[in-house]
Amino acid sequence: MNSYDVIIDSFEPDEPIFVDDIKKLFPEKSRPWIDKALKSMLDSNRIKRYDQGVYYIPRKTIFGDSKLNPNIVLTKRYINDKNNIYGYTSGITLLNKLGLTTQMSNTITIVSNKESSRGRAITVGRQKAYLMKAPCEITNQNCNVLQLLEAIRILDTSKTDETESENLRQFIKQNNITLADVSKYCEYFPDYVSKRILGGNVIGILA
């Protein structure tokens, strides 16, 4: 199997392929070799360029080659890949995911290990996003706890209605989040988050 076939076999159609992904497949190869391999695959239409440093294997459709979804690009770059979680959504997107609001936002807010700034706006394709650095390292094990604390940071859960409170309870129970888990990570969030937990309905669910 040649190098090009290795690349094709390592990724699914419509999966973002970053230059770093290619480096991991061929750690012994130089950047000029990687650039040459990508150019050759582009010239032969085996892959498409979505954006600078972002490629994908297109699917054939009745309308021509498929287009890459910008949300998938954002997810792989800043939230998770097949094995690891290194980010999560925040803002309206997170609250909507947890069933704490019915509002929608055109901008996806993301907290990520892969972001170093306190906050910056980007656009991927036509999708707007706002990136923030993680309060602490996000892992597969703590991501749900951090999302809970993030939700409490941006929403006073003592003011949620009955349906929203039940949705919050379901999230806590389904992910086996305990008071000890929350206590461990509270220090990475503003003091008012702890006060909201102690003074709201969350403490009763965690206890």
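Two strands count as paired if DSSP finds at least two bridges between them, and strands (E, at least two residues) as well as helices (H or I, at least four residues) are DSSP runs numbered from the N terminus. In this predicted model, local features need pLDDT of at least 70 and side-chain atom pairs count only at pLDDT 80 or more, whereas totals for chains, interfaces and linings use all residues. Residues are numbered from 1 along each chain as its sequence is written, and side-chain values use heavy atoms, with hydrogens and water left out.

**Overall architecture**

- The protein has ten helices and nine strands, and its C-alpha atoms fill a box of roughly 60 × 40 × 30 Å when taken along the principal axes.
- Of the 207 residues in the protein, 41% are buried, where buried means under 20% relative accessible area, exposed means over 50%, and partly exposed lies in between (1.4 Å probe, protein chains only).
- Among contacts between residues at least 6 apart in sequence, 56% join residues at least 24 apart, a contact being heavy atoms within 4.5 Å.

- β6 and β7 pair in the antiparallel sense over four bridges, and Gly87 has Ser112 in β7 as its bridge partner.
- β7 and β9 run parallel and are joined by six bridges, with Met132 in β9 as the bridge partner of Val111.
- Five bridges join β8 to strand β9 (residues 127–133), and these two strands run antiparallel; here the bridge partner of Ala121 is Tyr130 in β9.

**Helices on the sheet**

- Strand β7 is mostly covered, since five of its six residues are buried.

**Helix α6 against helix α7**

- Helix α6 (residues 143–154) and helix α7 (residues 162–174) pack at an angle of about 160 degrees, with their axes 10 Å apart.
- That angle makes α6 roughly antiparallel to α7, given that angles under 35 degrees count as roughly parallel, over 145 as roughly antiparallel, 65 to 115 as roughly perpendicular and the rest as oblique.
- Asn144, Gln147 and Leu148 in α6 meet Leu168, Phe171 and Ile172 in α7.
- By class, this contact of α6 with α7 has four nonpolar, two polar and no charged residues, where Ala, Val, Leu, Ile, Met, Phe, Trp, Tyr, Cys and Pro count as nonpolar, Asp, Glu, Lys and Arg as charged, and the others, Gly among them, as polar.

**Helix α1 against helix α3**

- The axes of helix α1 (residues 3–10) and helix α3 (residues 31–43) come within 11 Å and cross at roughly 75 degrees, which makes α1 roughly perpendicular to α3.
- Ser3, Tyr4, Ile7 and Ile8 of α1 make the contact with Trp33, Ala37, Ser40 and Met41 of α3, and by class this contact has six nonpolar, two polar and no charged residues.

Note on methods
Axes fitted to C-alpha atoms, helices over the stretch in contact; angles between N-to-C directions.
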